[in-house]
Amino acid sequence: DPHCSGDSPPASKMSILAETPIRGRTVELSLLKTALRSLMSGRGRVVLVTGEAGIGKTRLLQEAANQAHLIGARVSWTRCHEDAGGRPFGTWQAVLASLSAAQPSTPPSKPQGLPTSMAAVDDPILAREERLDRTVRQLVEKLRSQPTVVILDDLQRSDYASVALLGTLAVQCSGSGGGAL
């Protein structure tokens with residue numbers, strides 16, 4: 001999806017950020033570390049980091065990602081770009097691609113993208129619902145397979161369906177070892 005990418009910010013920016021100490025974020029870092037400890041003990045959660053442009057949200061999330069790596073969690077960083085809002089669920093397709101690339105894949109039990117019932121063949125709405133359900137199951141399975149931090153940077157640029165799906169995943173991953181920051 002050209003609107004979302006499964007890459008963290010550019011390496012040049014991250015190396016500068018990593019060398020820059022965080023100042024004045026003691027409370028926020030403490031909250032993120034508490035969320036990471038919760039994740040590692042099997043309780044997933046959603047943490048929303050908000051603020052004005054340029055206030056340091058990406059730097060704070062980079063520090064959270066570094067901490068997650070240090071304690072053994074998998075990290076998927078997806079960035080939504082200025083022209084996002086394109087393909088429905090594009091943000092989560094980028095997350096799935098990132099998580100799939102990070103672990104060996106197992107062949108699907110049936111070809112992806114095909115409806116699971118004959119009724120879905122004749123009903124495009126039902127077929128879309130089945131694809132959504134399958135995507136949610138795939139995401140939950142990947143999030144539950146090991147402690148995972150999913151960072152959705154610049155989520156405000158994402159499509160509506162991806163934002164709505166975040167709520168569904170938050171409920172399904174709560175207490176499961178899956179997590180999203």
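In what order do the elements of the protein chain run from the N terminus on? They run β-α-α-α-β-α-α-α-β-α. This is a predicted model, in which local features need pLDDT of at least 70, side-chain atom pairs count only at pLDDT 80 or more, and totals for chains, interfaces and linings use all residues. Residues are numbered from 1 along each chain as its sequence is written, and side-chain values use heavy atoms, with hydrogens and water left out.

**Overall make-up**

- The protein chain has seven helices and three strands. Helices (H or I, at least four residues) and strands (E, at least two) are DSSP runs, numbered from the N terminus.
- Of its 181 residues, 39% count as buried. Buried means under 20% relative accessible area, exposed over 50%, and partly exposed in between (1.4 Å probe, protein chains only).
- Take the contacts between residues at least 6 apart in sequence: 81% of them join residues at least 24 apart. Contact means heavy atoms within 4.5 Å.

**Strand S3**

- Strand S3 covers residues 148–153. Six of its six residues are buried, so the strand is largely enclosed by the rest of the structure.
- Thr-148, Val-150 and Leu-152 point one way from S3. Val-149, Ile-151 and Asp-153 point the other way.
- S3 pairs with strand S2 (residues 74–80) in the parallel sense, over six bridges. Two strands pair if DSSP finds at least two bridges between them.
- Thr-148 in S3 is the bridge partner of Arg-74.

- Asp-153 belongs to strand S3. It is buried, with a relative accessible area of 4%.
- The Asp-153 side chain makes a polar contact of 2.9 Å with the side chain of Arg-79. Another, of 3.3 Å, joins it to the side chain of Thr-58.
- A polar contact is a pair of N or O atoms within 3.5 Å; within protein, one must be able to donate a hydrogen and the other to accept it, and residues adjacent in sequence count only if both atoms are side-chain atoms.
- Asp-154 sits in the loop between S3 and helix H7 (160–173). It counts as buried, at 17% relative accessibility.
- The side chain of Asp-154 also makes a polar contact with the side chain of Arg-79, at 3.4 Å.
- Leaving out residues up to four places away in sequence, Asp-154 touches Arg-79 and Cys-80.

**Helices H2 and H3**

- The axes of helix H2 (residues 26–40) and helix H3 (residues 57–70) come within 10 Å and cross at roughly 35°. Axes are lines fitted to C-alpha atoms, for helices over the stretch in contact, and angles run from 0 to 180 degrees between N-to-C directions.
- From H2, the contact is made by Glu-28, Leu-29, Leu-32, Lys-33 and Leu-36. From H3, Leu-60, Glu-63, Ala-64, Gln-67 and Ala-68 take part.

- Leu-143 lies in helix H6 (residues 124–145). It is buried, with a relative accessible area of 4%.
- Leu-143 and Arg-74 are 69 residues apart along the chain, and 9.2 Å separates their C-alpha atoms.
- Thr-91 lies in helix H4 (residues 90–102). It is buried, with a relative accessible area of 1%.
- Thr-91 and Val-163 are 72 residues apart along the chain, and their C-alpha atoms are separated by 8.5 Å.
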